[in-house]
Amino acid sequence: MKVLVTGGVGYIGSHTCVQMIEAGMTPVILDNLYNSKETVLDRVEKLTGVRPVFYKGDIRDRAFLDQVFAEQDIGSVIHFAGLKAVGESVEQPLKYYDNNVNGTLVLVEAMLAADVNSLIFSSSATVYGDPASVPIREDFPTSATNPYGRSKLMVEEILTDIHKAHPEMSITILRYFNPVGSHKSGELGEDPQGIPNNLMPFISQVAVGRREYLSVFGNDYPTVDGTGVRDYIHVVDLANGHLAALNHRGKTAGLHIYNLGTGNGYSVLQMVKAFSKASGVNIEYKIAPRRPGDIAECWADPAKAKSELQWQASHTLDDMTADTWRWQSQNPTGYPSK
């Protein structure tokens, strides 16, 4: 089965494509390369022996999407394409609503026109806002504390309405917690453009000498050491969650929602300590004021995904940090440009 993977050259998308190819699936990648590099395709081919079909273009371009669906016999869509920096979303909300919300509308319109009824959507734990308790279950109330999270929540609500109008569709919403780690080979990893917005790539860039120190935003939260606690999940576990969703829900009509997390929370300083152990490098950090919209703690109850998708995370914190360091030390400046 051919699966259209929007944003398939990105961090999570590229790892998912590798897992798909190894499982005998055929990804067709669509990416505008806004926050990724085409040389990722060389790495995917090196790891799998297969170079995926690649279309460079934007999900907001309906004529382009129609062309892709006409040329490829697509059975399902995994939708990763989206902007994801919380801080940037506060500064440029229109950009986020246009890309994340409008882009999804155009994509689903093209899917319906092509009679493609299976969609897996890349959502986020940010849709839970500031949860009243942890661990977080799928039936918890949703809200958002920033435009990025709101764009994900808006798309979830839109997809819910679309499913009511088109009950024959299978729509699976996967709410990620905090993806980290890299392919065990060191060939694929997270390569943010500019200053990293996420903790792990920032730590690894400090370790490799690209950044002077890590800013830890707040050390007065009601947590184990005062720093924010999150559920960090290895990107390969996350990728395998998409394969499980395809296999167990991709052909089953309905609206399906799952958390993808480990069920464990680690603080920022615990992550710093773990990465220092993996790399043998002392990570310099400075305490900075809290960021608006940040919450104290957030981790998943992944029981539903285990029960219904037969999926659970298997990588440990040591795996996450060791794999990240292997990627960063082998690729100190990230992927090469063409």
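# Briefing on a predicted model

An open sheet of 3 strands runs in the order β12-β9-β14, with mixed pairing; two strands count as paired if DSSP finds at least two bridges between them. β12 (266-267) and β14 (297-298) stand at the edges with a single partner strand each, so one side of each has no neighbour in the sheet. Helices (H or I, at least four residues) and strands (E, at least two) are DSSP runs numbered from the N terminus. This is a predicted model, in which local features need pLDDT of at least 70 and side-chain atom pairs count only at pLDDT 80 or more, while totals for chains, interfaces and linings use all residues. Residues are numbered from 1 along each chain as its sequence is written, and side-chain values use heavy atoms, with hydrogens and water left out.

**The open sheet**

- Strand β9 (residues 229-230) is joined to β12 by 2 bridges, and the two run antiparallel.
- R230 has Y266 of β12 opposite it.
- Strands of a sheet pair through backbone hydrogen bonds, either parallel or antiparallel.

**Helix α2**

- The buried residues in helix α2 (residues 40-48) are V40, L41, R43, V44 and T48; buried means under 20% relative accessible area, exposed over 50%, and partly exposed in between (1.4 Å probe, protein chains only).
- These buried residues line one face of α2, because they fall within an arc of 160° seen down its axis; the arc is that of the directions from the helix axis to the C-beta atoms.
- Elements covering the buried residues of α2 include α1 (11-22), β2 (26-31), β3 (53-56) and α11 (317-330).

**Nonpolar cores**

- The largest nonpolar core has 36 residues, of which M20 and L260 touch the most other members; such a core is a set of buried Ala, Val, Leu, Ile, Met, Phe, Trp, Tyr and Cys residues joined through side-chain atoms within 4.5 Å.
- At least two residues of this core come from each of β1 (2-6), α1, α2, β6 (170-176), α8 (235-249), β11 (254-260) and α10 (303-309).
- The most is given by α8, with 7 residues.
- A second, separate core of 28 residues includes V28, L65, A110 and I171.
- Leaving out residues up to four places away in sequence, M20 touches V3, V5, M25, P27, I78, L243 and L246; contact means heavy atoms within 4.5 Å.

- T104 lies in helix α5 (residues 93-113) and counts as buried because its relative accessibility is 2%.
- Apart from neighbours within four places in sequence, T104 is in contact with I59, H79, N99, V155 and L159.
- S151 lies in helix α6 (residues 147-165) and counts as buried because its relative accessibility is 0%.
- Apart from neighbours within four places in sequence, S151 is in contact with Y96, Y97, N100 and V101.

**W325**

- W325 is in helix α11 and is buried, with a relative accessible area of 18%.
- Not counting residues up to four places away in sequence, W325 touches S204, A207, V208, F275, A278, S279 and V281.
- W325 and G189 are 136 residues apart along the chain, and their C-alpha atoms are separated by 9.7 Å.

**Cysteines**

- The structure holds 0 disulfides, a disulfide being a pair of cysteine sulfur atoms within 2.5 Å.
- C17 counts as buried at 0% relative accessibility, and C298 is buried with a relative accessible area of 6%.
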